[in-house]
Amino acid sequence: MSRISVFSAPFLLGFDAFEERVDRLAKSADGYPPYNIERTQDDAGTEQFLVSIAVAGFAVDELEVIAEDNQIIVRGRQKDEVGKQYLHRGIAARQFQRSFLLADGMIVKDATLGHGMLVVALERPQAPKIARRIDIRSV
């Protein structure tokens, strides 16, 4: 079944790579782990974003945050502890990968882990509006 993409409009040029990323994110999206995204803005117009991901039970060395290709990829892989014998295991120890697509100009500031929450801080500085006149040549 084919679908019509909003990015196929004739006046949207150069968005094919963006569309591929959105499709990739949509296919990989599931509900685990849950997350929040907060947005604030300072007086200078700079926007800050905090992506908080619930990763209870994961240690720092079991988590990975990668910023590449205008996206953030967060991976978690818990190590099985040899010699532990569970009578009941209700806390899942499963691996995950969660991706977030970033707009151009976004800066990943840092990532912190505390109280079972991984918080990735992002920033989008206010971009100057640039307009320039294009000279028209005759051939």
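Before the entries I note the term they rest on: two strands count as paired if DSSP finds at least two bridges between them. I also note that the model is predicted.

**Entry 1: the partners of β2**

I looked up Ser52 and found that it stands opposite Val119 in β7. I then asked how many bridges join β2 and strand β7. The pairing of β2 with β7, residues 117-124, runs over eight bridges in the antiparallel sense.

Next I turned to β1. Strand β1 covers residues 35-41 and β2 covers residues 47-54; they run antiparallel and are joined by seven bridges. Looking for a residue pair here, I found Glu38 opposite Leu50 in β2.

**Entry 2: the hairpin**

I examined the link from β1 to β2. The two strands form a hairpin with five residues between them. In this hairpin I noted Gly45, which takes a positive phi near 90°.

**Entry 3: the sheet**

In what order do the strands of the open sheet lie? I read the order as β1-β2-β7-β6, four strands with antiparallel pairing. I recorded β1 and β6 (107-114) as the edge strands, since each of them pairs on one side only. I also looked up the angle between neighbouring strands of this sheet: on average they are turned by 15° against each other, direction ignored.

**Entry 4: the largest pocket**

I then looked for open space. The largest pocket holds about 300 Å³. Its lining consists of 14 residues, and those nearest the centre are Gln78, Tyr86, Arg89, Ile91 and Ala93.

For the second largest pocket I noted a volume of about 180 Å³. Which residues line the second largest pocket? I listed Asp61, Glu62, Leu63 and Glu64, then Arg75, Gly76, Arg77 and Lys79, and finally Gln95, Phe96 and Gln97. The elements that give two or more residues to this lining are β3 (63-68), β4 (71-76) and β5 (96-101). By class, I recorded six charged, three polar and two nonpolar residues in the lining of the second largest pocket.

Note on methods
Residues numbered from 1 in each chain as written. Predicted model: local features only at pLDDT ≥ 70, side-chain atom pairs only at ≥ 80, totals over all residues. Heavy atoms only, no water. 1 Å grid on protein atoms, 1.4 Å probe; cavity = no way out; pocket = protein on both sides within 12 Å on 5 of 7 lines; lining within 4 Å. Points joined across faces, edges and corners; volume = space filled by probe spheres on them. Nonpolar A, V, L, I, M, F, W, Y, C, P; charged D, E, K, R; others polar. Axes fitted to C-alpha atoms, helices over the stretch in contact; angles between N-to-C directions.
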